[in-house]
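Reader: I am new to protein models. Please show me how to read one, feature by feature.

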Amino acid sequence: MDRIYEKLAAIVGKEFISNAPEERYLYARDQGVQQASAPDYVVMPDSTEEVRQIVLLANEERIPVVPMGGALVLSGLTIPLRGGIVLDMKRMNRILEVNEASHYVVVEAGASHGMLQAYLKKHHPAVKHSVPDAPPVATVGGNMAIHGSGHLSQSEGGFHSEMVTGLEVVLGTGEVLKLGSCSTVPKWFSRAPLPDLAGLFLGWNGTTGVITKIGMKLFPSPKLKDVMMFMTEDIDSVTDILFRVIGTEMAEDIAFFVSPMPAYFDGFQLLMVSVVANSEKEMRMRKELIRDSVQSYLDDKEAGFLPLPPHMKVKLVEAPQKNLSEFADVMKGGGFEYVGAIMPVEAIPEAYRAGLKITEKYNITYSMGARVVGRGHSVMFYYAYPFNRADKENMGTVAKALEETNEAALEMGGIPWKTEVSGQQLILERMEPGTYHLMTQIRKLLDPNGIMNPGNWEVRS
Amino acid sequence: MKQEYADIVHRCFRCGWCKLPTNYVDFNCPAYLKYRFETFASGGRMWLIRAWLDGDIETSERLGQILFSCVTCKNCVEACALPKIKDSLVDIFIAAREDLVEKGAVPPAVRDYLKAMSISGNPYKKPRDERSDWAKGLDLPEFTDQEYLFYVGDVGSYDELGMKMAREVGKLLRDTGLSIGILGSAEVSDGNDVKTLGEAGLASHLMQENIRVLRERGVRKIITLSPHGYNAMKNDYPSLGGRFEVYHYTQVLGLMVNDRVPKGTLDVKVTFHDPCYLGRWNREYWGPRFLLGSVPGVRLVEMDRNMQNALCCGGGGGNFYTDILGTGADSASQVRAREALDTGADILAVACPICHKMLDDAVKAEGLEGAIRVMDVAGVVNLSRG
């Protein structure tokens, strides 16, 4: 048995390390179209101390460390591009503290959104957290680290990374730090008023350190939920309709989507508006104000509300929605990957047209849409392309479409989200040199030996 | 592997819904719960099977461990997001096991179990004439022309706790006044777990042999002790020519015991553990609860994971015999024992001899003997009768 294996086994226990072909095969790839690259070891730590020891060992041995959460990123960010250690964080999934009065929760980074949701529902039903569209095994740490968004991103303050109230991290050097109020007092309520260092670990794809604990905002959880579906055939009116609905401040979540399937949806732009309330009276009032905000479109018969049967409503008020995962089987092939571009709201019509052009060019099917983030400060516009995992040619076509979509998103003023290495290159090509220089300086400081997820956020020489 | 499975194995997206129950409480796939590597989740297994079929990975001891640690509990089937492939998930895992059995590349514990079943007709390597020992002194007649056959199976015949459970159920069936008989030493293994462990040929042989005996005796209605036997007789036997009316004992007693058996009052809190082969495999959730509810003073409390979301005891899919999952704090049985304790229940009620043994051992391993007691449902009813 090799020396590094033995040392890692001494840290986490023999049952939680593997260099077997089976684990190396599976952790070499994700659900997207990125090329596989196998780790040398898959290791599952159970504590911050174990993470620290692993990182120290990786420094000694100069081998890469790639933190992994729910294994759902799709764009290859947890594929170990230069081998080394994949750090599967899902054993670190404890819920450490819920503070209802100050509306925050502290969890270990490998805690899943689903388990947190179930825990809050049972023990703290008055509060809830923002749930991403990802399957419920998506981890809090992974989703925060990639600037994820969720069903409260519209109404409650933006990307999930903006809901972080504190972090515990292990730097690439092996130092353990706390960031936010928890660095100074034993509470995790806020990143302000201290210098905001949490950003050094959010959006960096694990290149600056390993997030081990997270403080995160909670929000009130009204009892009643409903959903309204607004449809129009005019893409150019979508920005205005969103502005009006956002302006009511009555909606919890607002998402726009288009899809050629089922056939009766083709050609329509659909807006899903989720509404929550504490009483029937409040619910009626909220829905009425939303309806009033778009009344002129209704009067002109340019758009309308789609009646939703109860069984459909039940599915639509769920967070996360299971039917989003069903999209992976559209091509009967178990795959989809998407470009999620963070862009200004007014870019929606152009983004939609660009998407249609690309899917037409590559003759691939699609789903497009956008979630409003932060009461209209931006949208996460997604272009999702399903593919057949058993059809290499189809996967190659989708890979090309994704790359072209990344370029198109940047051209229209958006920035690809959690993007694969090729998308990162496109971003870095356009980034201010000073900004990139600062990024590299910070990485040198936090990870002097360059062991943290190398290959990401690096300009190719 | 059957072409129909080979053709769809790549359609798993590995989205991970299969790891959790539908209420997301905690990991609900026993193999993943214990090992935590992505490879041990149903999605990971699907991807590895595909890689194996494509020649990207080789047959290995590790692959055997990954495939045979599946307890066939069907949590993944319940939770999977892909309606067009979800129903085939466990069938695909069993088909992959069949391929490993054919190649002779199974873990030693699986090999030993199959060898014992092949040579002795039971996993305990005990003589056939001991099959009737559980019924000694119960005054249960041998089946001749009674309305029902009470079939106890391997665990009820040979395992100490299984035998105790068979006696409790047999006693209650007898006192209910049902017309029942038993086969005793003429019983043949039901074949359910041989099938799930991938020895399709031997399973078919055992099932056909059982059908022959049942037919010769003129059996028309069967009450089983084990949900595993119930599943095989209900779902596999008809395609082999064995058409019987099959009931699990909780289904029969749940409806009848109220009127026919006088009961005293208990002052206990009971939580019920749904057996996978009764619950998710056959959608029977209420029979055992009706039976428990028939006892005055029983306060039924549910665990967070119940009915279609129940956590398997870890003994399904042959693991009861092979113990590939093993013990430890993250083993399904020990997690389940703690979950039962969290309800505040005095009794953890079971309706399967395999669950009974798995959870009884888990309660001991967790040092909870003084805090919670594992009893089969019939045993709870009998307890009230003094």
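This is a predicted model: local features need pLDDT of at least 70, side-chain atom pairs count only at pLDDT 80 or more; totals for chains, interfaces and linings use all residues.

Reader: How are helices and strands named?

Author: Both are DSSP runs, numbered from the N terminus: helices are H or I with at least four residues, strands are E with at least two.

Reader: Is helix H4 of chain B largely enclosed or open?

Author: Start with the term. Buried means under 20% relative accessible area, exposed means over 50%, and partly exposed lies in between (1.4 Å probe, protein chains only). Now the case. Helix H4 of chain B spans residues 61-68, and six of its eight residues are buried, so the rest of the structure largely encloses it. The buried ones are Arg62(B), Leu63(B), Gly64(B), Ile66(B), Leu67(B) and Phe68(B).

Reader: What do the buried residues of H4(B) pack against?

Author: Contact means heavy atoms within 4.5 Å. From chain A, the partners are strand S1 (17-18) and helix H2 (21-26). From chain B, they are helix H3 (42-53), helix H6 (89-103) and helix H7 (108-120).

Reader: Which residues point each way from S13(A)?

Author: Asp253(A), Ala255(A) and Phe257(A) point one way. Ile254(A), Phe256(A) and Val258(A) point the other way. Six of the six residues of S13(A) are buried.

Reader: How do I read the order of a sheet?

Author: One open sheet in chain B has four strands in the order S6-S5-S7-S8, with parallel pairing. Strand S6 (298-301) and strand S8 (373-376) of chain B are at the edges with a single partner strand each, so one side of each has no neighbour in the sheet. The twist averages 35° from one strand to the next. Angles run from 0 to 180 degrees between N-to-C directions, and axes are lines fitted to C-alpha atoms, for helices over the stretch in contact. Inside the sheet, three bridges join S5(B) (residues 268-272) to S7(B) (residues 347-350). Val270(B) stands opposite Ile347(B) there.

Reader: What is the strand order of the open sheet of five strands in chain A?

Author: The order is S5-S6-S10-S8-S9, with antiparallel pairing. Strand S5 (95-99) and strand S9 (176-180) of chain A stand at the edges with a single partner strand each, so one side of each lacks a neighbour in the sheet. Neighbouring strands are turned by 15° against each other on average, direction ignored. Helix H4 (residues 113-123) of chain A lies across S5, S6 and S10 of chain A, at about 45° to S5(A).

Reader: Where does Arg131(B) lie, and is it buried or exposed?

Author: Arg131(B) is in the loop between H7 and strand S1 (148-151) of chain B. It counts as buried, at 2% relative accessibility. Its contacts, leaving aside neighbours within four places in sequence, include Asn122(B), Asp154(B), Tyr158(B) and Glu187(B).

Reader: What separates a cavity from a pocket?

Author: On a 1 Å grid over the protein atoms alone, a cavity is a set of points where a 1.4 Å probe fits but cannot get out; a pocket is an open set with protein on both sides within 12 Å along at least five of seven lines; lining residues have an atom within 4 Å of a point. Points are joined across faces, edges and corners, and a volume is the space filled by probe spheres set on the points.

Reader: How many cavities of 30 Å³ or more are there?

Author: Eight are found in the whole structure. Of its 17 lining residues, the closest to its centre are Asp154(B), Val155(B), Asp190(B), Asp193(B) and Tyr321(B).

Reader: And the second largest pocket?

Author: Its volume is about 540 Å³. S19(A) gives the most to its lining, with three residues.

Conventions: Residues are numbered from 1 along each chain as its sequence is written. Chains are lettered from A and ligands numbered from 1 in the order in which they are written. Side-chain values use heavy atoms; hydrogens and water are left out. Two strands pair if DSSP finds at least two bridges between them.
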